[in-house]
Amino acid sequence: MRIAVVGTGYVGLVAGTCFADVGNDVICVDNDVNKIEMLNNGKIPIYEPGLEEMVKRNVTQERLVFTTDIKSAVEKSQIIFIAVGTPPKEDGSADLQHVLAVAREIGKHMNGPKIIVNKSTVPVGTADKVRDEVKKHTHYDFSVVSNPEFLKEGAAIDDFLKPDRVVVGTDNEETAETMRNLYAPFVRTGKPILIMDVRSAELTKYAANAMLATKISFINEIANLCEKVGADVEMVRKGIGTDRRIGPYFIFPGTGYGGSCFPKDVKAIIRTAREYGMELKILEAVESVNNRQKTILLDKIKNYFNNDLKGKVLAVWGLSFKPNTDDMREAPAISLIRALVKEGAKIRAHDPEALKEAEWRFEDLVKTKDVFLIKKRYEALEGADGLIIMTEWNEFREPDFYLIKEMLKRSVIFDGRNLYDPKRMAKISIDYFPIGRPSSLEYKK
Ligand SMILES: NC(=O)C1=CN([C@@H]2O[C@H](COP(=O)(O)OP(=O)(O)OC[C@H]3O[C@@H](n4cnc5c(N)ncnc54)[C@H](O)[C@@H]3O)[C@@H](O)[C@H]2O)C=CC1
Ligand SMILES: O=C(O)[C@H]1O[C@H](OP(=O)(O)OP(=O)(O)OC[C@H]2O[C@@H](n3ccc(=O)[nH]c3=O)[C@H](O)[C@@H]2O)[C@H](O)[C@@H](O)[C@@H]1O
């Protein structure tokens, strides 16, 4: 099929490349000239495992091209995906300006019947708005489909190639058939393509993210309770996760969920409900538990240093909001580092992939020499009073603990991802403070 994907970010670039990889002819469009120039020079603007080789392969085979020219992309394609950002507005609602701007452009350049597929995460009713916008500019036939995306950053290609399900919202049988054909190569193991009405498809996306965020806030509350009552959340997590009705996924406690989607999508669904005069009480609690969870390590750190962080140097391992990505959008590390600096601490931060993004996110603090961005993990420990772990990158799982102990002024690790065993840390004589588990001090007694 001939496909255009408008918006070449995490979703658009991955979707476009995967569609090309199964034989489609794909034109990826973006209005960011630098991004398109980079892609045309063989450079990938984001870090996503496996993506670079896949892009190269498809570009070489001339199945995948990048352009800023939306007109020719629309003219040449049967199916046009919209995969632009839908960031939160002040009031929490999703900002649809990019989606509607693309709809306008598509309308202007239609040269025959087309299928317009919205892949961005958008509130219920957006397909109607897209339809109205396109209609203003064309007399050709078209249908608007809702096809939300469920990929995770860091595992995006695998998620796209092997989805648990594909959701397609359309009331047109012919369009449904085309979408079934398009996705058939990705569901060969029998995973379902769920055809439903447009509004249900739009809401499915928010309901999925809201459910996942709920699981995380739930386990974070249980973790905090574990600390109070002297239980170990790692045991409790396994104890509940083995029940098939609960499942082992998305119940890892931490310093709160971040990323470009859970925070904004929880806000947006709450906002949608309010517009209909309804309060989503569970999700409001999910959000407030998450905000609280982001400060949980700060309390532990302040407590350890007797509430005096002035002049303390703290090493931070992990800046991205999760491993295997360079994305720092809403990363818990950002709010923690800013709070620590406010308390008078200096930060030596390391991340395997996110340092480039950290340069502009912490530009002010780097300038004032409150934050130092360090390329190698052990170098971040030089002159530091303690180590904080914020992202569970694989390379942090089994470091040289004796070297860590030797390098730190105080042998202390605050772990926001529960990477280590407190008993083992007690044996090595490292003071270790995880989330929802007994600290190593409990095993020294
Ligand atoms: N990042 C993720 O893991 C996932 C994101 N989503 C949703 O997908 C949508 C896109 O998200 P991301 O890919 O993360 O965003 P992104 O910010 O990485 O990429 C969006 C791209 O759209 C481009 N763009 C904006 N306006 C444009 C226009 N008028 N014409 C052409 N290009 C334009 C931007 O330059 C940018 O490159 C959002 O609604 C998001 O909620 C859904 C599932 C997963
Ligand atoms: O709509 C989206 O954009 C995407 O949002 C999430 O994907 P993503 O944000 O890339 O990453 P996740 O792996 O879901 O992690 C989100 C946050 O939750 C945290 N998390 C995740 C799982 C867990 O058990 N505990 C936990 O604290 C992570 O550390 C991270 O900060 C969803 O998992 C995707 O299905 C969805 O498509």
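Which domains does the shell around ligand 2 draw at least three residues from?

1. **Before you start.** This is a predicted model, in which local features need pLDDT of at least 70 and side-chain atom pairs count only at pLDDT 80 or more, while totals for chains, interfaces and linings use all residues. Residues are numbered from 1 along each chain as its sequence is written, and chains are lettered from A and ligands numbered from 1 in the order in which they are written.

2. **The domains.** The chain is divided into domain 1 (2-189), domain 2 (206-292) and domain 3 (294-444); such bounds come from an automatic or database domain assignment. The centres of domain 1 and domain 3, taken over C-alpha atoms, are separated by 38 Å. Even so, seven residues of domain 1 are in contact with seven residues of domain 3 (contact: C-beta atoms, placed from the backbone, within 7 Å). On the domain 1 side, these comprise four nonpolar, one polar and two charged residues. In this scheme Ala, Val, Leu, Ile, Met, Phe, Trp, Tyr, Cys and Pro count as nonpolar, Asp, Glu, Lys and Arg as charged, and the others, Gly among them, as polar.

3. **Ligand 2.** Back to the opening question: the shell around ligand 2 takes at least three residues from each of domain 1 and domain 2. It has 20 residues, and the closest are E153, F252, Y257, G259 and C261 (a residue belongs if its C-beta atom, placed from the backbone, lies within 6 Å of the molecule). Helix α9 (residues 198-229) gives the largest share, three residues. By class, the shell has 11 nonpolar, five polar and four charged residues. Helices here are DSSP runs of H or I with at least four residues, strands are runs of E with at least two, and both are numbered from the N terminus.

4. C261 sits in the loop between α10 (233-241) and α11 (262-275). It counts as buried because 24 C-beta neighbours lie inside 10 Å (buried: 20 or more other C-beta atoms within 10 Å of its own; exposed: 12 or fewer; partly exposed in between; C-beta atoms placed from the backbone). Leaving aside neighbours within four places in sequence, C261 is in contact with T121 and N209.

5. **Ligand 1.** T121 turns up again here, listed with G7, G9, V11 and S120 as the closest of the 26 residues that surround ligand 1. Helices α1 and α5 (97-109) each supply at least two residues of this shell. Its classes are 10 nonpolar, 11 polar and five charged residues.

6. **T17 in α1.** T17 lies in helix α1 (residues 10-21) and is buried because it has 29 C-beta neighbours inside 10 Å. Beyond four places in sequence, T17 touches L51, M54, V55, N58 and L64.

7. **Helix α13.** Which residues of α13 (residues 296-304) are buried? They are I296, L297, K300 and I301. These cover an arc of only 130° around the axis, so they fall on the same side of α13; the arc is that of the directions from the helix axis to the C-beta atoms. D299 and N303, on the other side, are exposed. Among the elements covering the buried residues are α12 (281-293), α14 (332-342) and β12 (386-389). Just after α13, N306 takes a positive phi of about 50°.

Definitions and conventions:
Two residues are in contact if their C-beta atoms, placed from the backbone, lie within 7 Å.
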